[in-house]
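Here are some exercises to work through with the model open beside you. Try each task before you read its solution.

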2 protein chains.
Amino acid sequence: MRASLVEKNAIPVAITAMASTGHIGHAARMIPHGPGTDRTADFHAHHAPVGALASFTCGRFHADSGFGAELGKAVPGGAVFAGYREAGGPLRLLPFAPMTPDEAARYLGTATSDAPRRPFVAAEIRREIGWCTDRWLAGDLVFEVLTPHDPLPDPATAPIAAQRDAYVPAVLVRLTIANPGPHERTLYLAQQLPDRWLPLTGVHGLGCRRGVGLATDTPEAQAFCALGLDRELEGFGAARVQGLGNVAGFSLRVPPGATRTLTVAIGVYLPQVVTLGRSMRYWYTRLFGSLDDVLAHALARAEVVRARCAARDAELAAAPLHAEQRFLVAHATRGYHASTQLLDDGGRPRWVVHEGEYLMHNTFDLTADMVFHELRFSPWAVANVLDQYAAEYRYDSRVYHPMDPTRLMPGGVAFTHDMGVMNVWSPVGRSSYEVDGLDRVCFSHMSCEELANWVCCAGVYLAATRDAAFLARHRSLLLACQASLANRDHPEPSQRRGWMQCEDERCRGTSHSGGEITTYDSLDHSLGQSRANGYLAMKMWAAHVLLADALGEAGAPARAEAQRIAAAVIASADPVTGIMPALLDGTPSAPIIPVIEALIFPHRAGHDLSDTGPWGELVRALRRHLRAVLVPGVCLYPDGGWKLSASADNSWASKIHLCQYVAEVVLGVASDPRSHRAHADWQRHGAADHGVSDQFHSGVAKGSLSYPRIVTTTLWVG
Amino acid sequence: MRASLVEKNAIPVAITAMASTGHIGHAARMIPHGPGTDRTADFHAHHAPVGALASFTCGRFHADSGFGAELGKAVPGGAVFAGYREAGGPLRLLPFAPMTPDEAARYLGTATSDAPRRPFVAAEIRREIGWCTDRWLAGDLVFEVLTPHDPLPDPATAPIAAQRDAYVPAVLVRLTIANPGPHERTLYLAQQLPDRWLPLTGVHGLGCRRGVGLATDTPEAQAFCALGLDRELEGFGAARVQGLGNVAGFSLRVPPGATRTLTVAIGVYLPQVVTLGRSMRYWYTRLFGSLDDVLAHALARAEVVRARCAARDAELAAAPLHAEQRFLVAHATRGYHASTQLLDDGGRPRWVVHEGEYLMHNTFDLTADMVFHELRFSPWAVANVLDQYAAEYRYDSRVYHPMDPTRLMPGGVAFTHDMGVMNVWSPVGRSSYEVDGLDRVCFSHMSCEELANWVCCAGVYLAATRDAAFLARHRSLLLACQASLANRDHPEPSQRRGWMQCEDERCRGTSHSGGEITTYDSLDHSLGQSRANGYLAMKMWAAHVLLADALGEAGAPARAEAQRIAAAVIASADPVTGIMPALLDGTPSAPIIPVIEALIFPHRAGHDLSDTGPWGELVRALRRHLRAVLVPGVCLYPDGGWKLSASADNSWASKIHLCQYVAEVVLGVASDPRSHRAHADWQRHGAADHGVSDQFHSGVAKGSLSYPRIVTTTLWVG
């Protein structure tokens, strides 16, 4: 990232309530939210272990909160109680519980709390966000959630000890209470779930039937389980665990003048087969014997984790970025981890990134955007997913030209949109999403785009890793991809025009009128279509460029196709304005930003994309297009936010951030810093209920909630 | 039941829209609801297999509907689509889907249905209710849910074939569409769940990851899976199964002039360990190898099941009862089955009845009321639960007198309130509900009542079965119960007064002021308490009477205690009015009906409870009390409904029905038929959202929703 992106509006150093406890030095490197800043602290963020499809989600005031697995959203009816009470006084809690009565009312007929709560209000709550630390300061408390992320060991080969550290399905939370006196205080840290708890035997904590549990390493903390936190506080006598209770956690005495910290691991352990269609367990069941084992390991590593988190927080703080970009990086990384799932398929690891709230498996148009994050932190995962697609979720099909749909022509290999949904694995060669016979509407096939995605991912993976074994085992597939890509322009070379002309036979349908779509599936009919789509043409161009790299001599046809596409894209630009239409075949269409997107692949593979390099004319044309559309009313919202299509109020944050990177680093078009503020507020305000999200209409999340793809922001930090 | 209960207001024979299909003869024996009657058809009912803790719940218009397991309520977001469409016309469906947009809107950003629905409205929907058949008639459709119930084979000894029939975890639904022509119609029968589906391989149907599935034996029915039913209807081409779909089911062509019936089995198969605390699977996993096996077996038995249901419907129709009593019997039986769970504990069967929405295991104060139903249909289940309590959920404790709480005195054996909650088994000797140290409030111990319950259940079980092995293995426990019951009046015989005076030490607490409660736990402090409670005294009386039966010579002390209690109860009556206060020790209290309740145990054990028999004075006193309180403003609501306590607007339907039986059959006090109408309307209107429920305030269900205990109504049919 260039110096132009360095933060210009310096943010004042956070003045925290806990200066005396030594947090202030660290806090200075965090991104402050709440009072004293102009950023709200009132929004959900994910905090997730890696590979457990789980998240400890909190931050939105008075909303469902806490640890859940396999949900794709915050746990319904969940609540986190973190705070303290001074003898006789009200409960001072962070507002991480829904504003609903305790469940005890179901038994009592009425809510009868004798323990008034006084949750902290927004004006009292300071929030500091780092890459791995999310921290709240209110009154005399500090609450932290720690989610380290380091390069992930390859589960197929790494030592078990390293894997236990990386894939422990638990997160650490820390609650510190200072007591200036003169009265004793009691610290409370508890989780409410729509489930019931039992004390664990191997650790100091409690677990519930659906596998979630929590534990602490502080022996003097008192474990409790109660039907609503208020019931606990009414002093339910010597038996601190009521089996009927839905709230489980710990209390700890804080004497006058003392400060106490409670560290709690909260995690999940699902031992059974968790999938349908294919029979798999979580990989962590190979690494841990039980929930107790998980929680004990997480607690034993608490100090190491704190240090790792601090180091990663510092790395992000040092990145030459606008503060809002740093926020977006941190927020996106947490959301990505919440969607990750590492499965055990008969001893072989399967890497799955779920599609946020939709929970589709390894949705390929997400994979192709997240590949840059994964090449930094888990390159083995890229190969793992590409291998899965190559083995199980590819198909061979014919194509047809919409002008002559009764004639099926040679096509070739293609890949599915996804591998299944909600832990249900789709049959071989079929996704959960795609439906045959649709005409360029949501749920149609994405054959050509997923084909380009396999090649682009393989290309950047090979460029990054030089993995000769991968190349050897997929060389024939790469050759097949080369042929299929060309055929999807047109099987007859003389008829090729430099974009996708021919539709996959799966789309044809009984009316012979169907057509493919791109990942921009919920844009309108003309922009979401694949046929003649400039965005897709550029992805095909990138695929051909990388195929040529991988195939050497045999890649000559790909080189020619890349040239053909580049020429077509250049020719599409309006001679006066330089603006390229979304559709290259003359169909009327509004301009879109993502025509520049696919430059990312050759760029990350090391290609010269300078104005004077081999693709100079294309690069110059795309820059001219971008500058022309990046104006208010075309592809900019009034607040500076980017609008991917001039004709649709429907933007994907992940794609914006990817295109911003391409614009800045490849085309030298720096983003207006106002855009970072706008995009950060989309997440904080527009997606406050959902955690990091992708699809926004005028800054409000309307779909693709709790989404992993925004991790395209990792590009910003190298 | 006496002739006085025979239905007086004859209900007109149902005139159905399907007279031509032969339904009318059968329908005449059902209880009609909807147009042409003065009863609403708009309320939920359970339809459940036995022992699967599952229910196909439907009937409430525009509410969550369909098959769910382990929920204690209707499945959130579930919907049943049953109906038809004529080419080009709107969908005519029963209104069994929530009024929310199809989930497709989450992907599309907006609901875009091209297939208008026109659900049937209340004025078009006739509902006919039998003991085993729930039937809806609307337009040209008939929809039936069939839930047979026959005596249940003992899982410990019965042949596997008989068990497969009795415990198949599936229900049968039948949809019949008549097509008078001239256009083709398509029948639709489908289930929406918050889960995803795959085609099954062993049967013609689909299953989803959390174990629910459906299948049909009609080969020409077309299976489909779609994201919202409307998507299916838009004609998603040749691929009829979209993996992303949340709606799975079948369509079937109905040519002009034809009538077609589709039979579908819908069931569940959870193969894994489903409990915490103790490790158990469902018993049905011993009987069936897979979901396919379950559904195939259910379908193969469809004709047998229809015949069994018709026979049982006829039995209820022939019972000399008011129509509303017949409704209550049918409604209650369905609700009871929904809470039943048969588990496999290492090869030994465990019978569990869950406590409705609360999902507590074998809550003992329910067991003691449901025992009469179980003695008819599953006497082995009574012994199974009593054995579980004897082995694991008993404890020995001391007692104390509240006037001298520091002095602990000999007490003896007692039993817990329950065995766990939500499939979490409590530790030995502990319930999930009870909390130590509380003073006569909800969640305190019920030691004395559960002790009386164990004895009363064992007593009626022995009287009904003459099970010598049961008596032999529990004789020493019965002796211990005799001693403990007496000690809970007072350990020193000279201090005994004929009611519970001494509290269990578990209640004492640090303040030495705690006290026990009865199953009327959410009545006010004075009426919910066990101490001096007339209702409990009568249960202790019944226990002593039955102990004396069981113990022969050794039961002499019990005989004496029974006499003492009877004398105290008789003496408590006001000489002028005959009214007995709820509390026998002079504490001011309002009268209650349930002081008569425990007469049921000696009555069912064959004791002479005539006015001239050995308990004649007690019986006469109780009759005088009942007649005095059973007046408007005391223990009657204005509509004739019963009010268990004069001082609290909080009634339990199950207890009312039990007391009505005692009043009629033992005391000869017939119920006003208006009361049956009132109580039926409590269920139909006051619990419309929940299925059969127990706890009502002024006719509106406020707790104990979806509850099994109302099966006390089985007493009415013998």
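Buried means under 20% relative accessible area, exposed over 50%, and partly exposed in between, with a 1.4 Å probe and protein chains only. This is a predicted model, in which local features need pLDDT of at least 70 and side-chain atom pairs count only at pLDDT 80 or more, while totals for chains, interfaces and linings use all residues. Residues are numbered from 1 along each chain as its sequence is written, chains are lettered from A and ligands numbered from 1 in the order in which they are written, and side-chain values use heavy atoms, with hydrogens and water left out.

**Exercise 1.** Decide whether Glu70(B) is buried or exposed, and find its place in chain B.

Solution. Start with the accessibility: Glu70(B) has 13%, so Glu70(B) counts as buried. Finally, check the backbone: phi of Glu70(B) is near 60 degrees, a positive value in a residue other than glycine. Most residues other than glycine have a negative phi.

**Exercise 2.** Do the accessibility step for His62(B).

Solution. His62(B) has 33% relative accessibility and therefore counts as partly exposed. The loop between strand E2 (54-57) and strand E3 (66-69) of chain B holds His62(B). Its phi, too, is positive, near 60 degrees.

**Exercise 3.** Describe the surroundings of Ser55(A).

Solution. First, locate Ser55(A) in strand E2 (residues 54-57) of chain A. With a relative accessible area of 7%, Ser55(A) is buried. Then look at the side chain of Ser55(A), which makes a polar contact with the side chain of Thr57(A) at 2.8 Å. (A polar contact is a pair of N or O atoms within 3.5 Å; within protein, one must be able to donate a hydrogen and the other to accept it, and residues adjacent in sequence count only if both atoms are side-chain atoms.) The side chain of Ser55(A) also reaches the backbone nitrogen of His47(A) at 3.4 Å.

**Exercise 4.** Which salt bridge partner does Arg209(B) have in chain A?

Solution. Arg209(B) pairs with Glu70(A), with the closest N and O atoms 3.3 Å apart.

Terms used
Helices (H or I, at least four residues) and strands (E, at least two) are DSSP runs, numbered from the N terminus. Contact means heavy atoms within 4.5 Å. A salt bridge is a side-chain nitrogen of Lys or Arg within 4 Å of a carboxyl oxygen of Asp or Glu. Lists of a residue's contacts leave out its neighbours within four places in sequence.
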